[in-house]
Amino acid sequence: MLLIAFCVPIVGSALIFTWGRKGKRIRRWIAILSTLATSVFVCLALFLEPGRSYVLLEFTSRMTIAFTLDGMGKVFAGLIAFLWPLAMLYAFEYMEHETGENTFFGQYLLSYSMTLLIASSENLFSLYFFFELLTLSTVFLVAHGFSHRSMYAARKYLYYTLGAASLGFLSMISVLVYSDTTTFVLGGIPALQQAPHTMMLLLFVLGFFGFGVKAAVFPLHGWLPTASVAPTPVTSLLHAVAVVNAGVFSVARLAYYVYGPTLISGTWAQTLCISMASFTILFASVKAVHEQHLKRRLAYSTISNLSYMLFGLMLLTPLGLKAGLMHMIFHSLIKLTLFSCAGAIMVQTGREYVQELRGLRRQMPIVMTVFAFCAVELVGIPPFIIFQSKWALVTAAFGSGHVMGVIGVVVLLISAGFTAAYLLKPAVTAFALPIEKKPEEKRDPGWQMLTLFFVMTAAMLALILLGKPIADYLSQVVGLQ
Amino acid sequence: MQLVQNVPFFSIMLSMVSAIVTPVLPRRAAKWLSVGMVSVVVCLHIWFLPFMVSLGGSYTYMMGHFPAPWGNELRAGLLEALIALALSIVMLLSQLSGMNKLQRQIDPPKQGLFYVMCNLVMAGMLTLTYTNDLFTAYVFIEILALSSCALMMARQVGHTMVASMRYMILSLLGSGLILIAIALTYNLTGHLLMENIRAVIAQYAADGEYALPISVIIGLFIAGIAIKCGIFPFHMWLPDAYGYSTSAASAVLSSVVSKAYFFLLVKIFYRVIGINVVMSDMALNLMLVLGVLSMILGSIGAIRCLDIRRMVAYSSVSQMGYLFAWVGLGSTVGVAAAMFHLVVHALCKSMLFLSVSPLCDASGDSKRFVDLRGAGYRYVIPGIAFTLGSLSMVGIPILGGFFSKIFFAEAAISGAGWVRITLLAALALSTLLNALYFMHTVLGLYRRPKKGFVRQPFIKSRLTAVTLSVFGFINLTIGFFAKDIINLITTGIQNFA
Amino acid sequence: MQSILFILVPAIPLGLGVWFLFTRRFRAAEVMAGLVLSFAAMIALAVTGDGMQTLFTVAPGVTFVFRSDGAGRLFALLFSGVFMAAGFYALTYFKHEINPARFFAFYFFSLFALESLCMAGSLLTMYLCFETLTLCSFPMVLYDRSREAVAAGIKYLLYSIAGAMMGLFGVIYLTLHTTSSTFVAGGSLEAELLGNPPALLLIALFVCIIGFGTKAGLFPMHGWLPTAHPIAPTPASAVLSGVIVNAGVLCIFRVIYFAAGTEALRGTWVQTALLSLSLLTVLIGSAQALRQKHIKRRLAYSTVSQISYILFGLFLLESTAAEGALLHTVFHSVMKTSLFLCAGALIMYGGTADVDEMRGIGKKMPVTMWSFAIAGVGLVGIPPMSGFLSKWVLAQGAVQSGMPVFYWLGPVVLLVSALLTAGYIAPVVLGAFFPGEQEISTRAKRAPVGMLAPLGVLAALSLLFGLYSVPLRNAIDTVLNTLF
């Protein structure tokens, strides 16, 4: 079942590349059908086939490409499956205003497949394998339009990810050398516990930065803001949801399922990683306040939030993992919506800068309301969902007993204050300030984009109530209950 | 003695005979004879390889029924068979692919001679692979040097003259060093047949005598081959040489000639000096250092290039550096990884050179990056081939280069102390650098052309397209056979000594 | 019955707010009915006595709970009452606006948030309501959509959120380290922490109080107050200065007395620091008020100063001082609201906001100025006004507390501040009634009854409380007995 789920997007992508040129309708139908079908299959796989693993290819006895859907994988895969069809729908409308639809959708579908493959990798080798392939399938999306800026952004993205991936490569190889297998085991691969300690720590840190480049941890965060020149469906889905979450997911796998908390906890490696994450949180928040371009501001906000997740993960307690995953889910929803709002604004009114948002409520009431709602959510005001994930993060931090935990809490709170500054402020000015006197016609986007907004808002509201069941499920996943 | 065991001899004979016959043939016949010969060699080796696998060991082959040490010997083993097969395939595909370009770039009277040189290169490569004595090795080193020089000069443009002159001088310098080393060896041991030499040296090593001369010999061999392969700091000739000759020539030079030299070096380590002696020798560190420096500096040189062929040439410097460094590591795993990469790189680099040429044609015959923008759309198949090659060099999963990286890393980790860290760091850094220039170029291929670009008509060759497709396919699928290949190599190494 | 009331009391203003947000036609009667209804519901709840109601659980350990106790009821009744008065005033004030429904929407939302805050039964619920209050009240600040208003509103918003985050730090720490998840009179901090308080506890408490003190204008988080209060429309300024600042007070009150417990703070550097800060704010506020020409800004700075009287009393951790603090909460609320409403009338019908231009205005607007005078005198603290009573009790409390330095410093500062208060209130009043030879402002006219009634009633109340405050004092004593 799972294999079908992977193949459908690849097949769909191939179909688009070959037939898509025939016409817009065919292309769009293929795209949306593939996406929906995949999502359906993923959901089926989630519910019907827990815990089965498949081996696809065997390169050597120790290096295999294999898949399974364990708890964490299910969470990630489920999230992706939910978000991708919505984003695809949004992209349809957005791409009306751009060219080169065919290659775009083909690659969009391909990236879906790659992300799913990452989510369901059964061992570190497969994870690395598809991690690299994900980079490849997304780079041309970033370069879409092939303008000077897009190419620069694509190059930067490539250099950062490929370069850092070589660090992840080293980490993976070391695992291969010291143990017979790279299969994920909750709590760490046993053979590695016996290996020389310092070496393991060093390799873990390399892996953290290597895989963490996709999660934009300082100092490897530079590609994300630059990549925001890409068309919004790309930035929103890939760089706020799929690619970056793949990075966080990989780090989680590395920390909890390969090296294991017992190995890393309390060492300099943990302190280093947590400090980096905390620093990134603050740094990115500050930069977001200064940044005037809306999408880049959201990009910095993403960087900051990703480091919340990394911070939670690096607490190396089950609570920390749970908090990090919670934040991953909730943040994806919100950030996807925020970017989609930004994209709708850009497409309908051509405004890209924060100052231009003033008084936009008159022209785009629905979009700005959604934007304001998401802004309020992201700050972390109870009872909205981000408060729940931040609460989980804070509780985990205090409970870990690590001094960095307390500092991290302070950082989180300060950053929340900054979030208010950089998100709530434009939201408020959009509503409050009047614009020029001449009456503007309403220019809300079309039904496809609006579907995204409505569904996401509904989801966010629903999650306020459903937050507890999700939290419980996650506790189960991380082995708490 | 089965018929199939004669394959090494047949192959060499065929190449030499073709080389002799070709000059008198008219141009077209020469071309087809050459191609035909290489195809036959390929087929022979395809027949040969399974036999070697089943044989499970190696055997020696006397030439002319004169026993050693007066006669010549060939020795055929699994590793040699594999290398010969791979390099022959490269040769065949390079010739086919570059044929049309060749016809345009080389003066018609000289084209026949070009094929003669190709045949000589083939002969040289095969002999160096199979030979079992130093004298023959030296003779064919010189043959290779001269014929590769001639290959370079076949395209008579100002640059190539200068480049081949430079190559000639440096190559002769390298050969000179090797000659000195051989002379020293002969002086020390009194033999020219590899096994005999090794026995004597092993004796010396056990007694602890002549440690310094042996080190010097090893060092000289390393230096000589390094010059010929274009390792830092002897790489100055390489970018010009590869950059200006015709595409088939560059492919052959980078993928067949250098590899043959390198393989000879490894063979010398194993069969002449004895790998145990070599591995405990300080001179091996020289190899390691030179290799690492080449890896990094070659890539840096590539980044600074403005012209695509020079970039690919510098990349060759870098990749040869990998080979040197990992043999310099001083472990069997390292040698196995290097051999694997030899095969992968041979297949990949030739494809890169061969695809650059059509792309340049499609861009108004210019090699500069700015002119190449959008070439991937103008001429699809070479674009895809180049992309595949680049991805392989960077080490993207599925492709062959990824598995090289894995094997390299595994070998490096099993090293000791600072060696391990240096090699791993160099591997990581080199990957990043490779990504920088290869990806930049690949992305450039798919950009919009610069303003004012006029799309000019160019000649599309179906042969080139087909050959490149085959090449691409091989590169794509080699990853799936990595396991088998590395097993073959490891078994081969065991029987190598 | 009580559980229904728990839901009903916040639901009424919430519902009304939503209604006003979306309605097209605006009728004054709806507002009046709503205000009265809210107040009535609150009284009903107050009558039912103590109780608790769990609302919903978000995560293990994160439950939102309502609770009715003496302190909460006191604050809630005060808030609802003042809101009612200002609300009536607002009806007349906005008569000339096209569609003031939006204002009233957020007015009711603020009321909803305030009532919920008073009923909050745990730290988390309180924090939730605090944030909600910020979100509901800042739109009132930027009502007139001018650049300055929006900037002021955003400043308020950001300061408040920053303060909330600081408060959250303490809330989290306390939630994790208290034995009871709901408020307990006297605090429920874990016993081992009390004997030898760890630095983290003290820091958390300090940061927390400063954070919640943002709403109360405690230095150094007072910066938003003088900007936001004046620029809001007068009814909003009035509730901001008169009521919403007390929300901050309530939060601090809850944190110190119902969550952490006085023993956690007594004698620590935190207490000393807080006392110093509050006194400093008192002086700064009064001094700055003197320099202001714009009457609403003057009153805003006055609020900064006066609220810190209350905080000073609370920080002394002593029952008489706390009594003084709570008394002053009530009195100041009534007085300041009245003052602001008068100021609004002066601006709107007197034609000027500059105090220097208000000479002789007493002739034209007698009711307004008399109310201003009464409330102002109360603010200064002259007997028999209520203001005097609360300040006297505060001074007594300071002396009784025996805190080193503060036992005399407190009363001294209070006295100095009273003088300063006189300095900024008296000229206005005197100038209005006794203009001397100077020009009498001719543009003024009488304010309409709809505005005069509320401000007059409040002023009268401030006098009344001064004369007859026994029931109030009894109520406060009941509350304080549970704490000391």
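User: How many residue pairs are in polar contact across the interface of chain A and chain B?

Analyst: Happy to walk you through it. A polar contact joins N or O atoms within 3.5 Å. In this predicted model, the rule finds four such residue pairs between chain A and chain B, counting pairs with both residues at pLDDT 80 or more.

User: Which elements supply the side of chain A that touches chain B?

Analyst: Those giving two or more residues are β1 (53–58), α5 (124–142) and α6 (148–178) of chain A. The largest share comes from α6(A), with 18 residues. By residue type, that side of chain A divides into 25 nonpolar, seven polar and four charged.

User: And how many salt bridges are there between chain A and chain B?

Analyst: The count is zero. For the extent of the interface, look at the buried area: chain A and chain B bury about 3,100 Å² between them, and 79% of that lies on carbon and sulfur atoms. The contact draws on 36 residues from chain A and 32 residues from chain B.

User: Let's turn to a single residue. Is C:Leu311 buried or exposed?

Analyst: The general idea is to compare its relative accessible area with a cut-off: under 20% is called buried. C:Leu311 has a value of 0%, so it is buried. This residue sits in helix α13 (residues 295–315) of chain C.

User: Which residues is C:Leu311 in contact with, leaving aside its neighbours within four places in sequence?

Analyst: C:Leu311 is in contact with C:Ala216, C:Leu218, C:Val249, C:Ile252 and C:Ser278. For another distance to check on screen, the C-alpha atoms of C:Leu311 and C:Thr125 are separated by 22 Å, the two residues being 186 residues apart along the chain.

How values were computed
Residues are numbered from 1 along each chain as its sequence is written. Chains are lettered from A and ligands numbered from 1 in the order in which they are written. This is a predicted model: local features need pLDDT of at least 70, side-chain atom pairs count only at pLDDT 80 or more; totals for chains, interfaces and linings use all residues. Side-chain values use heavy atoms; hydrogens and water are left out. Contact means heavy atoms within 4.5 Å. Buried area is the accessible area (1.4 Å probe) that two parts lose on being put together, summed over both. A salt bridge is a side-chain nitrogen of Lys or Arg within 4 Å of a carboxyl oxygen of Asp or Glu. A polar contact is a pair of N or O atoms within 3.5 Å; within protein, one must be able to donate a hydrogen and the other to accept it, and residues adjacent in sequence count only if both atoms are side-chain atoms. Helices (H or I, at least four residues) and strands (E, at least two) are DSSP runs, numbered from the N terminus. Ala, Val, Leu, Ile, Met, Phe, Trp, Tyr, Cys and Pro count as nonpolar, Asp, Glu, Lys and Arg as charged, and the others, Gly among them, as polar. Buried means under 20% relative accessible area, exposed over 50%, partly exposed in between (1.4 Å probe, protein chains only).
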